[in-house]
Amino acid sequence: MSQATPTTTPRRELPRALRPFGVAQYRVLVGALTLSLLGTGMWLVAVVWQVIELGGGPVELSQVATGAATGAVAAVLFGGVLADRVSHRWILMGVEATKAALIGVAAWLSLTGSLELWHMVVLAVVVGATDGFFYPAYTAMLPTILPPEQLLAANGVEGMMRPALMQAAGPALASAAIAAASPGLALALVAGSQVIAVVGLSQLRVARVHREVDAVGTHPLRAMVGDLREGVAYMVRTPWLLGTLLFACGWVLLMMGPIDVLLPFAVRDHAGGGPGDFALVLAGFGVGSAIGSLAVASWRLPRRYLTVLVASWSIGSVPLVAVGLTNQLWVMVAAVFVVGVTSGMGNVIWGTLLQRRVPPAMLGRVSSLDFFVSLLLMPVSMALAGPVGEAIGLRPVFMVASLVPVLFGVAVWVFARMAKDEVAHPLEATVPDAEHALAG
């Protein structure tokens, strides 16, 4: 384990979950991440009510959500290759600057009454594409800032911040702006937060990318294809990785469309709620996810980490069935709170698992494949959710979405032989370099 340096606070002075804050560059990154996630949280609510204000319903919101998912899936493989070649700081700054400019234009169009539904679809595609660059770069950056033993805590902090800001604080601010003025004001606040995030990211001073330079004369496109081929080969020959990603692909197909497209209408039509009530349901998920993330960050990584991971995501989806069965807002809040707790726990374990078991030089590409494979069917989920919800109603959609993932989880756990794998590769007991050698 690494020793404390002048830039760190001795680890024994801080609880396990707070030890990464002893590193100065991590504090800078967290500050910028806070602003970025806050803006994303405001965007999630602003885009819903902007579409509704423009006369849209479930089908139109499906189109916007499909655009965002399509943009992310289309960009993420290139984003992963880029993250293994280019400064992570520059990638993150470019992402935030692009979002600030485009959402700022949308805010101006909204406030002047010139915004149209097709504008929102195009904007969603580009904003989704920026996520395809952000995720691989951020995942690959953390191990360059922190020692391996602090990655679980750092992922826990990020896992706590993400829902707290994206499902609680951000939606609350957006709802207040919408109530006070219009969705256009909320979009303007999103753009402002991204601008400040760029300023914060510009203060980062991090290590260079782990890659060796390609041989002279290699065509850039051929080199990128080769990089991607290496990442795919690693994924295919690594059962725990391939199995988890296939599970995530099925989970996303069933869950994301109902959550992103139909949940606002379940709140409105079943519980008689408005923007504030929808924000409250999102806050329930956010608070639950923050609690689950913080809890995992405060403990050692579970010895049966793959089993806990799959159980968290599969069994943890079951309470969402209540959203389709109830007309009580508090039941919806309680249901998504439980889903949030289990989701947060699984996400922290997963992020740490990638950073501990994937070779550093390949982490950006594997992270992008994680994003790509797990979200491959998200556009399909978004596109189907609105029409299917209107055709058969919300209740059967939420029942299928919440119960079938349990079957997926059991199948993947058996297929990938996760029980044997996690015993053979105990992360808390191995040296990180040796772990990379064992990862395949």
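Reader: Which residues of α14 are called buried?

Author: Met 378, Pro 379, Ser 381, Met 382, Ala 385, Gly 386 and Gly 389. Buried means under 20% relative accessible area, partly exposed lies in between, and exposed is over 50% (1.4 Å probe, protein chains only). The model is predicted: local features need pLDDT of at least 70, side-chain atom pairs count only at pLDDT 80 or more, and totals for chains, interfaces and linings use all residues. Numbering runs from 1 along each chain as its sequence is written, and side-chain values use heavy atoms, without hydrogens and water.

Reader: What makes α14 a helix, and how does its reach compare with the expected span?

Author: A helix is a DSSP run of H or I with at least four residues, numbered from the N terminus. Helix α14 (residues 378–392) has 15. The expected span is 1.5 Å times one less than the number of residues.

Reader: Where does α14 kink?

Author: At Ala 385, by about 35 degrees, shortly before Pro 387. The bend is the angle between axes fitted to the seven residues ending there and the seven starting there.

Reader: Why is Arg 417 called exposed?

Author: Its relative accessible area is 60%, so Arg 417 passes the 50% cut-off. Arg 417 sits in the loop between α15 (394–415) and α16 (418–424). Its phi is positive, near 50 degrees, in a residue other than glycine.

Reader: Which helix has the lowest mean pLDDT among the elements?

Author: Helix α17 (residues 432–438), at 38. pLDDT is the predictor's confidence in each residue, from 0 to 100. The protein's mean is 78.

Methods: Helices (H or I, at least four residues) and strands (E, at least two) are DSSP runs, numbered from the N terminus.
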